[in-house]
Amino acid sequence: MIYPESLKKGDTIAIISTARKITQKELAPSIEIIKSWGFKILFGKTIGAEDHQFAGDDALRTADLQQQMDDDAIAAIWCARGGYGTVRVVDGLDFTKFKKQPKWIIGYSDVTVLHNHLCREGVASVHGQMCLELDKRTQASRDTLKEILFGNFKGITHSSIAGDFCREGETSGTLIGGNLSVLYSIIGSDSEVDFTGKILFIEDLDEMLYHIDRMMQNLKRSGVLSKISGLIVGGMNHMRDNTIPFGQTANEIIAAAVSNYKYPVSYSFPAGHISDNRALVMGASVRLFVTKDTAQLTYTI
């Protein structure tokens, strides 16, 4: 796996949107924080662009990301917001130059498409809060992201609030995954990774409980859950149910789906659509140690 170079003060970060439309004004509070870290900002052509719900049409969003990927003056690319749309641009990208001089691509949720596609290309990326959210999340969220950009991979230790579901153990492997719904949507595509021996991270927001079950059954029946070496479950919040209840929580659905396997499983990990959305290096070599009370993720780079 190739790890992009660490940033230094004075470097330029490009802000783009591969999905939903957004304005510079909406980004203003977050931009002040990024500048306080010592970085310069370049707004891509998608910032302020509009095509229905998208930040410009597919061609513009593809071209904007491609331009920032290939521009030697850009040290990192930060996705402004999620929503939906990244899957519509990924197949139009050329990673030839980018792989020779990779840079950190930052985001989560809909950016899960890029994280997995980049992993296939052999380049690590940052699963972290969108630029829009930088001033709205915890200090720990900001700190972990900032540390990664400056080359300090500290890892994460947290106390689980779902200890009854946790499966204790220790494992190591490459960290992959992201948003469960997006991950589910790219199974069978050119963005699907080889799950063998990987540590899978999943999170989701505002999904019907039966759909969580549908997705987990897909991962089970397609062999994904039997191939991985560990599972990390992040935020699974604001789930919805039918008038006739499904009968299980999201964590219970996941626990049932992985009940036949022996690898360690951690729940309530501080990453995803939650206030404490700590940054993760996707594609990194990591070690996962799980007990009933805590989970520890450390980088073995």
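Thr 112, Val 113, Leu 114, His 115, Asn 116, His 117, Leu 118 and Cys 119 are the buried residues of helix H4. That makes eight of the ten residues in this helix, which runs over residues 112–121, so H4 is mostly covered. Keep in mind as you look around that this is a predicted model.

Now for the rings. Searching the whole structure turns up nine aromatic pairs. Take Tyr 3 and Phe 153: their ring centres are 6.5 Å apart and their planes meet at 55 degrees, so this pair counts as tilted. Tyr 3 sits in the segment before strand S1, while Phe 153 belongs to the loop between helix H5 and strand S6, so the pair ties together parts that are 150 residues apart in sequence. Tyr 3 is partly exposed, at 24% relative accessible area, and Phe 153 is partly exposed too, at 22%.

Then there's Trp 37 with Trp 78, a stacked pair with 6.4 Å from centre to centre and 25 degrees between the planes. Here again distant parts of the chain are linked: Trp 37 is in the loop between helix H1 and strand S2, and Trp 78 is in strand S3, 41 residues apart. Trp 37 counts as buried at 7% relative accessibility, and Trp 78 counts as buried at 0%.

Back to Tyr 3 and Phe 153 for a moment: together with Trp 104 and Tyr 299 they form one aromatic cluster.

Finally, look for charges over rings. The charged end of Arg 61 sits over the ring of Phe 54, 4.6 Å from its centre. Arg 167 lies over the face of Tyr 263, 5.5 Å from the ring centre.

How values were computed
Residues are numbered from 1 along each chain as its sequence is written. This is a predicted model: local features need pLDDT of at least 70, side-chain atom pairs count only at pLDDT 80 or more; totals for chains, interfaces and linings use all residues. Side-chain values use heavy atoms; hydrogens and water are left out. Buried means under 20% relative accessible area, exposed over 50%, partly exposed in between (1.4 Å probe, protein chains only). Helices (H or I, at least four residues) and strands (E, at least two) are DSSP runs, numbered from the N terminus. Rings of Phe, Tyr and Trp (its six-membered ring) pair if their centres lie within 6.5 Å; planes under 30 degrees apart count as stacked, over 60 as edge-to-face and the rest as tilted. A charge sits over a ring if NZ of Lys or CZ of Arg is within 6 Å of the ring centre and within 35 degrees of the ring normal.
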